[in-house]
Amino acid sequence: MKSKVRISADDKIVVLTGAGISAESGLRTFRDHNGLWDQYKIEEVATPQAFSNNPELVWEFYKLRYDQLGQVFPNPGHLALVELELRIKDNFTLITQNVDGLHGIAGNKNILEIHGSLREIICINCRTKFKFTEIDMGGKIPLCLKCGGNLRPDVVWFGEIPYYLDKIDALLSTADYFLVVGTSGSVYPAAQFLQISKQYGAYTVGVNFDKPDNLVYLDEFHQGKSGEILPQLIDIWLGEHE
Ligand SMILES: [Zn+2]
């Protein structure tokens, strides 16, 4: 493997991750079409309208996702990103589209979960947040421990605005390196982050199983599994393999 990147402690790095890095931990997504969630339509379980129309159905779907969450763990791709953050500390920011919380479990600290996290559950009435492990999922709709209101996963549904967009704009304008992992480059607004960082002058690197849609904005592209590529790539970046 070859890369032109060599990281020093004052380099600013922004990393964007998507579903591909989680898929290697065995996490299934809506796009897999593997039968698990075929009986659910996205618009019936992942929009604010769906939740107000039929919260029982939305929770039926999310309970399957919570069952799955207890069975998945970080893979070597996640762990390589922890190594990178340990080296450059506050100059590292990880933006993720994933809602599984695996980057936090792996040990990354400076994480912006732009689509929220399944690991947090929020009351639609009093806005109190709970850890998902605190909540009794036995009933049809889990209820707030404080006010008894309906709870929902603290994830960004279709038709809702992703978190941290203002902060991300500032980060992209000052990044020396932008690394994008495991995304097809087709989900907005995240798909634009690569292009924006490139326009601001960042050196851009992509790692993905397939060629992404926005390949043209990448200075380097490494095709394959992120769990195999990232550990090697980040070793090179940190000067541990010349
Ligand atoms: Zn409440």
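Which protein donors hold the zinc ion? They are Cys123 (SG), Cys126 (SG), Cys144 (SG) and Cys147 (SG), lying 2.3 Å from the metal. Donors here are N, O and S atoms within 2.8 Å of the metal (3.2 Å for Na, K and Ca), and since water is not among the atoms, sites may look incomplete.

A quick word on the model: it is predicted, local features need pLDDT of at least 70, side-chain atom pairs count only at pLDDT 80 or more, and totals for chains, interfaces and linings use all residues. Residues are numbered from 1 along each chain as its sequence is written, and side-chain values use heavy atoms, with hydrogens and water left out.

Back to the zinc site. Its 4 donor atoms make angles of 101 to 115° and the site is tetrahedral (four donors, all angles between 85 and 135 degrees). Along the chain, the donors follow the spacing C-x2-C-x17-C-x2-C. Cys126, in the loop between β4 and β5, and Cys147, in the loop between β5 and β6, are 21 residues apart, so this pair links distant parts of the chain.

Buried means under 20% relative accessible area, exposed over 50%, and partly exposed in between (1.4 Å probe, protein chains only).

| Residue | Relative accessibility | Class |
|---|---|---|
| Cys126 | 31% | partly exposed |
| Cys147 | 37% | partly exposed |

Strands pair if DSSP finds at least two bridges between them. β4 runs antiparallel to β6 (residues 151-155), joined by 5 bridges, with Ile121 opposite Pro153 in β6.

Conventions:
Helix = DSSP H or I, 4+ residues; strand = E, 2+ residues; numbered from the N terminus. Tetrahedral: all angles 85-135°; square planar, octahedral: opposite > 155°, others 65-115°.
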